[in-house]
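Please keep the sequence and the coordinates at hand while reading.

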Amino acid sequence: MIKNLKLNAKLLLSFGIILLMMILSVGVSIYSLNRIGAETEQFAYKTLPNTVSVWQIRRNMVSAQRNILSALLSENQKDINEYLGLADEDAEQIFTTFDSFSKNTRTDQEELASLSDSFNKVLPVHEQISDLLKKGEKEKASDLYFTQYVALFDESTNILINISDEQELRAEAQTDIANSTLTSSRIILIAAVVLAISLALLIMIILRKAILPPVQEIHTAAQELSKGNLSAKVTYDGKDEIGELSNSIKKLVSIISGIIADLDYKLSELGNGNFTIDCSSSELYIGDFASLQTSIIKIINQLSSTLSQINQASEQVSDGSSQVSSGAQALAQGATEQASSIQELSASIAEV
């Protein structure tokens with residue numbers, strides 16, 4: 001199939017496959033980067049801030065509890081008021097942080113509602129303890145602290161611990177997704193690169209086998225033709241440009257061989273004195289070779305005409321020679337007769 005494709009199609013197909021593998025590799029990379037980016041964005045804008053908020057709430061709750069306990073243990077009213085002020089600041093910070101957390105978190109709404117209810121239960125007790133301490137009623141404040149505040153505080157703490165664990169699990173899951181995506185992307189990218197390189201090598205080998213051997217064969221045949229060896233063979237047969245070149249060379253060799261064979265035959269016949277040879281092989285003498293046939297025909301005609309004239313002249317010379325021979329014979333006969341006459345005359349004179 002590839003053999004019969006044009007060189008342009010072969011190159012386009014080869015580079016198209018390689019380009020497709022490159023696009024696939026880039027697509028996988030972009031998809032992986034987008035997924036990792038999405039997980040990183042979730043971690044940066046959701047999980048991490050929410051985890052920080054949960055720990056901030058837990059820290060403020062512990063700080064509020066510590067400040068209330070310090071106020072219960074303190075004997076100085078000024079210190080008590082100071083601790084209570086710090087506890088109130090912690091409580092305010094808890095609600096502020098919780099409000100921000102609840103708007104950004106992906107935590108289950110029921111769990112958020114439970115935590116909000118717990119805070120709403122703790123806050124009145126916190127305010128009651130603060131009022132009792134400000135009034136100097138430590139025993140009632142202490143009793144309220146240990147009987148209600150601690151239990152409500154522990155309840156809120158447990159909910160926060162659950163939420164914190166959930167945030168940690170979500171962070172771990174996002175990390176695992178990012179790592180697995182990164183690993184998968186690396187594997188897919190490496191596989192795509194290896195496949196692309198393998199396909200490139202395979203295509204290179206196929207193209208080399210499809211192009212180099214026929215080109216070498218045609219090159220060898222051209223060298224043999226340049227040395228005058230018309231027996232050079234070109235066996236490649238295809239529908240591509242190289243096949244067309246091969247067919248052209250085959251046709252050229254056939255034409256030149258035919259012309260040389262035809263000229264050899266005609267010159268041999270002329271050498272043997274045959275001037276009636278057939279000059280009808282016009283299918284060989286195409287293009288610029290046509291003038292060669294014209295010249296051969298002209299030479300044959302001129303030789304035939306010249307030899308015909310020579311033949312006529314030789315016949316005329318032969319006729320003249322015959323006439324001269326006849327005259328010479330007549331002269332010889334006359335001379336003989338004269339000689340006889342002279343002898344007779346001499347004999348007659350001698351007798352006298």
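This is a predicted model: local features need pLDDT of at least 70, side-chain atom pairs count only at pLDDT 80 or more; totals for chains, interfaces and linings use all residues.

In the classification used here, Ala, Val, Leu, Ile, Met, Phe, Trp, Tyr, Cys and Pro count as nonpolar, Asp, Glu, Lys and Arg as charged, and the others, Gly among them, as polar.

**The cavity**

- A search of the whole structure finds one cavity of 30 Å³ or more, and the largest cavity holds about 140 Å³ of space.
- Its lining is made up of Met61, Ala64, Ala91, Ile94, Phe95, Phe119, Val122, Leu123, His126, Tyr149, Phe153 and Ser156, with two or more residues coming from each of helix H1 (7-73), H2, H3 and helix H4 (138-226).
- H3 supplies the largest share of this lining, four residues.
- By class, the lining residues of the largest cavity comprise 10 nonpolar, two polar and no charged.

**The packing of H2 and H3**

- Helix H2 (residues 77-104) packs against helix H3 (residues 109-134) at an angle of about 165 degrees, and their axes lie 11 Å apart.
- Because angles over 145 degrees count as roughly antiparallel, H2 is roughly antiparallel to H3.
- The crossing of H2 and H3 is left-handed.
- On the H2 side the contact includes Ala91, Ile94 and Phe95, and on the H3 side it includes Phe119, Leu123 and His126; these residues are also listed in the lining of the largest cavity.
- The residues of the contact between H2 and H3 divide into 13 nonpolar, seven polar and two charged.

Note on methods
Residues are numbered from 1 along each chain as its sequence is written. Side-chain values use heavy atoms; hydrogens and water are left out. Axes are lines fitted to C-alpha atoms, for helices over the stretch in contact, and angles run from 0 to 180 degrees between N-to-C directions. Angles under 35 degrees count as roughly parallel, over 145 as roughly antiparallel, 65 to 115 as roughly perpendicular and the rest as oblique. A crossing is left-handed if the near helix is turned anticlockwise from the far one by less than a right angle, and right-handed if clockwise. Contact means heavy atoms within 4.5 Å. On a 1 Å grid over the protein atoms alone, a cavity is a set of points where a 1.4 Å probe fits but cannot get out, and a pocket is an open set with protein on both sides within 12 Å along at least five of seven lines; lining residues have an atom within 4 Å of a point. Grid points are joined across faces, edges and corners, and a volume is the space filled by probe spheres set on the points.
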